[in-house]
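Please open the structure in your viewer and keep the selection tool at hand. This tour moves from one selection to the next and says what is there.

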Amino acid sequence: MPTVTLLPALAHVGELGALLPATLPAALSAQEVVPATTVVPGPFLLAPLLILLPLLGAAVLLLVGRRSDRWGAWFGVLMSAASFVVALVVFLSMLSLPPDERVVDHRLFDWIAAGGLDVGVGLRLDPLSVTFVLLVTFVGTLIHVYAVAYMEHDKDRRRFFAYLNLFVAAMLVLVLADSYLVLFVGWEGVGLASYLLIGFWNHERENAVAAKKAFIMNRVGDLGLIVALMLMFAGFGAVDFATVFADAPEAGTALLTAIGLALLVAACGKSAQFPLQAWLGDAMAGPTPVSALIHAATMVTAGVYLVVRSAPIYEGAPTAQLVVVVVGAVTLLFGAIIGCAKDDIKKALAASTMSQIGYMILAAGLGPIGYAFAIFHLVTHGFFKAGMFLGAGSVMHGMNDGVDMRRFGALSRYMKVTWITFGLGWLAILGIPPFSGFWSKDKIIEAAFVPIDGQEWRAWVFGGVALLGAGITAFYMSRLFFMTFHGHKRWNDGSGSPTGPLSTDGPVQHPHESPLLMTAPMVVLAVGSVALGGLLAFGNGFVDWLSPVTGHVEHADPVLPVWALVTLTLVLVLLGVLLAWRQFAVSRVPIVPPRGSVLTRAARKDLYQDQVNEAVFMRPGQYLTRSLVYGDRQMVDGGWMGLAGLVGATGEKLRGMQNGFVRSYAATMLAGLIVIVAVVLAVTTGTGS
Amino acid sequence: MTPAAAFVAPTIEWAYLVPVIVVLVAGVVGVLVEAFVPDRARRAVQLVLALGALAGALTSIVLLWPDVLERNGVRVLGGALVVDPFGLAVQGIVVVLALLATLVVADRTSTKQDAFAPTGAAVPGSAYEDLARRRGLEQTEVYPLVLFAVGGMMIFPATGDLLTMFVALEVLSLPLYVLTALARRRRLLSQEASFKYFLLGAFASAIFIFGVALVYGFAGSVQLAEVRGALLGGTGLDGMTSLVLLGLVMVLTGLLFKVGAAPFHSWTPDVYQGAPTPITGFMAACTKAAAFGALLRVLYVVGQALPPDLQEKLVVALWVVAILTMVVGTVIGVVQTDMKRLLAYSSIAHAGFLIVALVGFGELSGFGVRALLFYLLAYGLATIGAFAVVTLVRERAPQPVVVPAEADLATVGAGAGAGTSGTAASAGSDVPDAGAVLGEATHLSEWAGLGRRSPWLAGAFALFLLSMAGIPLTAGFIAKFTAFQSAVAVGAWPLALIGVLASAVAVFFYVRIIVLMFFTPTPTPTPTPQAAGGPGTAPDGASSTGGGTSPVAALTSRVTVVRSEGFTTVAIAICVIGVILLGVLPSSVLDLAFEAAKFRP
């Protein structure tokens, strides 16, 4: 591993690049990655519609305003669905191309041409972006449909759909961009949409605060992307994928490491990875469809997309890659631990999302061996996690918007569809074969056990973490599932019977199944949870599909045999499930949370993430801004006010000379004349005699 | 109207004198009109005569322009007058501004009273004055007086010798002294201002003529061309070049007095405040243009011929005056509370900026002249417009009889007419009772909320103020820019820097008025300085706290906007259009001004 110092190295980019010849893995796979062509096949010309349709939807719904209240929701659905149809067309036409022609840059127009910077707006159509487009538009459309029913009684439903459409458009800009700058536009766009939707019910102060928190933490990440953009411009003189990726292998490690770390900061912000993870739990303040679409299936995975997309950069920066893996591993455990203690069903799911994205980031950090699996897991996760969020929404729908799992229990009898679809998602996330999660997560664990550059310690550490995470995941997801759908009723069913429910104090609940508009998307997503993984894994299809972007990978052996890993994983998962079954389905779950161990209490408080942030960043930041404001008031404003006061005081003094007496006016004139004559006579200038 | 044609003589090229003669003859005819035309028709005849003469002068200037440009100036009357492109351009500016100012002078507003005393000779507050007022007398001598002043102003920048310049100075000054004394209201203040102006003017004239004597002592001639020749050819009094320098400084002092440059500015605030507002506008714009024209001519024709060392001394003197003027104008302007005094200090500051454009007189590039001519026009338009607005914003007297509230006023605050809306139907006109409308509401506090009641008027005023402040897209910006640019071009960047800083300070008091008009609610009637018959003197040192307030006035006195007869509206509209056009499309006027940067000694 080369030792890398970041900043001074920028000046020696060429030098270092020469010092570090092609011993890096970058050179191995880079040649297999298909370079972009600029010849745009016919159907791809439709691609701008992908973005324009939902954007049009958002614009119409926002501009027409209240008049579109009646048809607004369905108009939003239509726009999203139309975008999906276009996505399908683009996908099918891409399938008809040979794999080495599947990376296309579709330049739309020149945007910024200033000096050395020439940025055009264009779309990059390749298997990676099309995968995302399909995921975003398909899951997005399903969630649009779900939201039609879920938000039915909200008087601002039309506005909600405007924001959802805006989100879809921004997300598509993000994944379709052909340069980091256009990607940044989408990146900010989804951040805005996320902010608007988390705070959708902003009349509750809490929700507004959550929205602000998400926005601010995302800004920290965005700064990373901005820094990366600057570094790219400084190092490559360009920010478009084609130039940057073509030049990256020749660039020095230091530059690539710096860019890689900056991009990682961006990814951490958007994907709620350690240490920028704190906003995701609070983001559950948004309506549940938002949590499903933005904070589970799509937007939060943008960080994974960014890392995978930037593969050529990371491959020249092993240090950055290692940091990526570490971040993924830490977040994976972090989220899993938090998930074990949360009683709020949405927050538990959010912790799970964080943990699962940790898996993806970890895989993306492993290099070419993990890229495809990161995306694979991202897709399957998009389905089963969205399905479970919609299931949670359905439970809330039936339980008066309650989210406390300690007051659920035995709901499987009352909402069968929700129970089954949720259960299928549960099995998928557990990684039980043959459900979707098995195919993707197991591959990640397997890849984590492959030693990189012959370093076995990495294989053991990260493989071990991934394995352990699988076990914990099984525990907390089973806990969530059993507490909600099994065990004893812990809600007031109104019967007053002492033998029935454990609680008679809460509001009377009438749990019921949700309407078809809500269950249908859940069913579709559940089908995906069951079959998508196997379908995509069939014949290594998905990995091959992505290979024009991620490159072909030489087969590498993990430190343990594959069959042993699979067995070990399954054993751990089953252990976790059994533990949860004994504790949350068989025994009685107390309504009042027990005090719990130190770890439980810490996990309930999100491992003190907010306290740390407040102590380390917020308070000092506040002190800093306060002292800056003070300084501004005292010194800058004070200086100016003092100057103004001085002018005023001088004016007051001088106006005393304007006393109204002609004699003093004449005296002033005379004195002035004498002074000027004196000046004229006294002054001797350089050219003077 | 142009009997001049009859006087064709071989030695005198009368054609080039037509603009001046038209105006002066019209002035003489105006005096005859006063004597022979019956009362009723007098005003109309005078008005037609004055406007016609000014329009005729303007036409003849335009017609003369190509010829003068081609011949690069003509010496007329044996060199007493020099009609060169520069002189003609200044004449044109003076006439345009005088035309606008005359429109404002002529407006009697909806009160049917002009701004002038019915009988200027009456003792203020006497029964005779009261009688004259009640008889509804009008002082139509104002128009010939204005025409005489304009005639002097036209000769002033086009003179070829210092004596003619002195005569022109007096020709333009004497009518102004009289006009200053003619304010209809605050008679004592007006007369005092006039007297001060006269005394100090005489003092300045004395300095001027003393300077002329010294210059004559050196060169043996008062002709500018010959003084120049003596300097260049070394035929002057041997070893006494400092004599001409001293003489020049004194001549310039006399001229700087007229433009209101510090330390010769003391008369400006008092006179601007005391004079009838239309005359203040006329003075501020036209006198400044004419006097700067003369100043520039002396500097370019004689100053340029000075030996380099003396020239630099003169430049240093100009630096001192410029800095002093800018600083005094802005710094004291900041603490003013009276609109007319504030505009007076603003005009002092502008004199400073104009002098900044002058310091490059030693160079032959013409950029300074271009800047000066453009500045004079831009400043004149904004100034006449601003004073025209001031004439329309009036105080309403304490009203013993309750007057129906006007519809547009009744909505704001608890007004005087509260509870009397039953009689509102009788309020057909803007002004319910002519006697109730007094003089201008010149205290700044009285302008609060004007923007809400009269958005157009306040908007125009705001535009003029922005132009004076030098905000882009107004004429003032281009004017200041070219002035500072020409200073920087000759290396006088510290002057430009001070000018920019002074402009920044000045923005404060301009914007303060805009804020006052648009963003401050109309105050509920508060004690205001008693309007009529107030203390005769209102110098700065005393007026801010002085001025008796009466509780009766406090309850009913308020500010109203009177309707123009049309003349002022036209003048304001032209000024608005001019300020915007010069700000947005300045290039053609700048080119014209550059063409005019040619002197004939």
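In which helix is the place of B:Leu463? Select helix α17 of chain B, residues 455-469, and you will find B:Leu463 within this helix; helices, here and below, are DSSP runs of H or I with at least four residues, strands are runs of E with at least two, and both are numbered from the N terminus.

Before going further, please note that this is a predicted model, in which local features need pLDDT of at least 70 and side-chain atom pairs count only at pLDDT 80 or more, while totals for chains, interfaces and linings use all residues. Residues are numbered from 1 along each chain as its sequence is written, chains are lettered from A and ligands numbered from 1 in the order in which they are written, and side-chain values use heavy atoms, with hydrogens and water left out.

**Around B:Leu463**

Because its relative accessibility is 17%, B:Leu463 counts as buried (buried means under 20% relative accessible area, exposed over 50%, and partly exposed in between, with a 1.4 Å probe and protein chains only). Now select B:Thr474, B:Val576, B:Val579 and B:Ile580, which B:Leu463 touches when residues up to four places away in sequence are not counted; contact means heavy atoms within 4.5 Å.

**The nonpolar cores**

A nonpolar core is a set of buried Ala, Val, Leu, Ile, Met, Phe, Trp, Tyr and Cys residues joined through side-chain atoms within 4.5 Å. The largest one here has 222 residues, and among the members that touch the most others are B:Phe156, B:Phe282 and B:Trp447. Helix α14 of chain B, residues 367-392, gives the largest share of this core, with 19 residues. Centre the view on B:Phe282, whose contacts, leaving aside neighbours within four places in sequence, include B:Ala98, B:Val146, B:Met153 and B:Leu176. A second, separate core has 208 residues, including A:Val148, A:Met284, A:Tyr371 and A:Phe475.

**A sheet in chain B**

Next, select the three strands of an open sheet in chain B, which have the order β4-β3-β5 and pair in the antiparallel sense; two strands pair if DSSP finds at least two bridges between them. Strands β4 (437-440) and β5 (558-561) of chain B are at the edges, each with a single partner strand, so one side of each has no neighbour in the sheet. Strand β3 of chain B, residues 393-396, is joined to β4(B) by two bridges, and B:Arg396 has B:Val437 as its bridge partner there. Four bridges join β3(B) to β5(B), where B:Val561 is the bridge partner of B:Val393. From β5(B), B:Arg558 and B:Thr560 point one way while B:Val559 and B:Val561 point the other way, and all are buried.

**Across to chain A**

Which helix holds A:Ile369? Select α18 of chain A, residues 368-398, and A:Ile369 is found in this helix. A:Ile369 counts as buried because its relative accessibility is 18%, and, beyond four places in sequence, A:Ile369 is in contact with A:Ala447, A:Val450, A:Val553 and A:Ala556.

**Confidence**

Finally, colour chain B by pLDDT, the predictor's confidence in each residue from 0 to 100. The mean pLDDT of chain B is 85, and 86% of its residues reach 70 or more, but over residues 401-435 of chain B the pLDDT is below 50.
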